[in-house]
Amino acid sequence: MIEDWGIEEKVSNITLDNAANNGACAGIMKSRLVAKKILLNDGKYFHVRCCAHILALIVKEGLTKIDPAVLKIRASVKSLKKSQVRKQKFLDIVETLGMSGLKKGIRQDVKTRWNSTYLMLDSCILYKPVFSHLKLVDSDYEDCPTNEEWEQIEVVTKFLKVFHELTKEHGKRDARKFDSYWKELSPILAMAVVLDPRSKMNFVKFTYSKLYPDERELECQVNKVHSNIKALFNEYYTLSSSRASNSCAAQNLSVQNGGNFAAKKGEYVATQERGGNVLTDLSELDEYLGETYKVV
């Protein structure tokens, strides 16, 4: 398809979610593009995992730990929406308990979307006393969470609100899942930040210092980013220089005794334009990283 669209040589990476068929598709595309020498670094950064899908997987894993409580809340909300009689009882209790001043209503979730489940849980927590009272006056209402389940709901809702806390609380299994994806995504995101002239390596060092408090680990991770972006630059520079040399050599092929000189001249010009003198000068990348950003 990308060949039909004429963008084959313009593709550097592709972002997909983590479904197995997407991984297989990305693998096939990568192998073909590498074979045609279109991708740099053998396509190391070709398949970029979808961050939103990764977060959704981790949250879903966390929610499974309180499934019974979530199912009760979901059934409770559904019954309020379906039964006008129960809904009126609920509203009467709200009035009786002096909670009519609450502006937030009860939200119903879409169970495949964790953020809507969070909104449902968050709205229901406010009406915890109302649900408990409804259980006492309505013998047909059997989906009220227990005190222990309410505690679980309150805890998990806080974690969903501040997702970083969720990943910490829900243990090593979720953390390992996040780490496995982070190892693939981190270098790509970091290199993208380096290309922002306001940030460069300084911002990478700052953010990585929050993730890697150990000095040695921090230095190691920052050096990896620098090495990765340098490797990409060197490969791109070599490829560009080679193309410039080949083009110049072809143009001067008919000039007797001058072909070699013309090719070398072309290589020299390409070197100056793209990377500086390979023997003495800084490369264009080093110059960029060494420049100070000035706000105009």
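1. Buried means under 20% relative accessible area, exposed over 50% and partly exposed in between, with a 1.4 Å probe and protein chains only. By that criterion both Phe-90 and Tyr-127 are buried.

2. The model is predicted, so that local features need pLDDT of at least 70 and side-chain atom pairs count only at pLDDT 80 or more, while totals for chains, interfaces and linings use all residues. Residues are numbered from 1 along each chain as its sequence is written, and side-chain values use heavy atoms, with hydrogens and water left out.

3. Phe-90 and Tyr-127 make a tilted pair, at 5.8 Å centre to centre and 50° between the planes. This pair links distant parts of the chain, 37 residues apart, with Phe-90 in helix α4 (residues 84-96) and Tyr-127 in the loop between α5 and α6; helices are DSSP runs of H or I with at least four residues, numbered from the N terminus. Phe-90, Tyr-127, Phe-131 and Trp-150 form one aromatic cluster.

4. In the contact between α5 and α6 (heavy atoms within 4.5 Å), Cys-124, Ile-125 and Leu-126 of α5 meet Lys-128, Pro-129 and Phe-131 of α6.

5. Separately, the charged end of Lys-200 sits over the ring of Tyr-288, 4.4 Å from its centre, the criterion being NZ of Lys or CZ of Arg within 6 Å of the ring centre and within 35 degrees of the ring normal.

Technical notes:
Helix = DSSP H or I, 4+ residues; strand = E, 2+ residues; numbered from the N terminus. Phe/Tyr/Trp six-rings, centres within 6.5 Å; stacked < 30°, edge-to-face > 60°.
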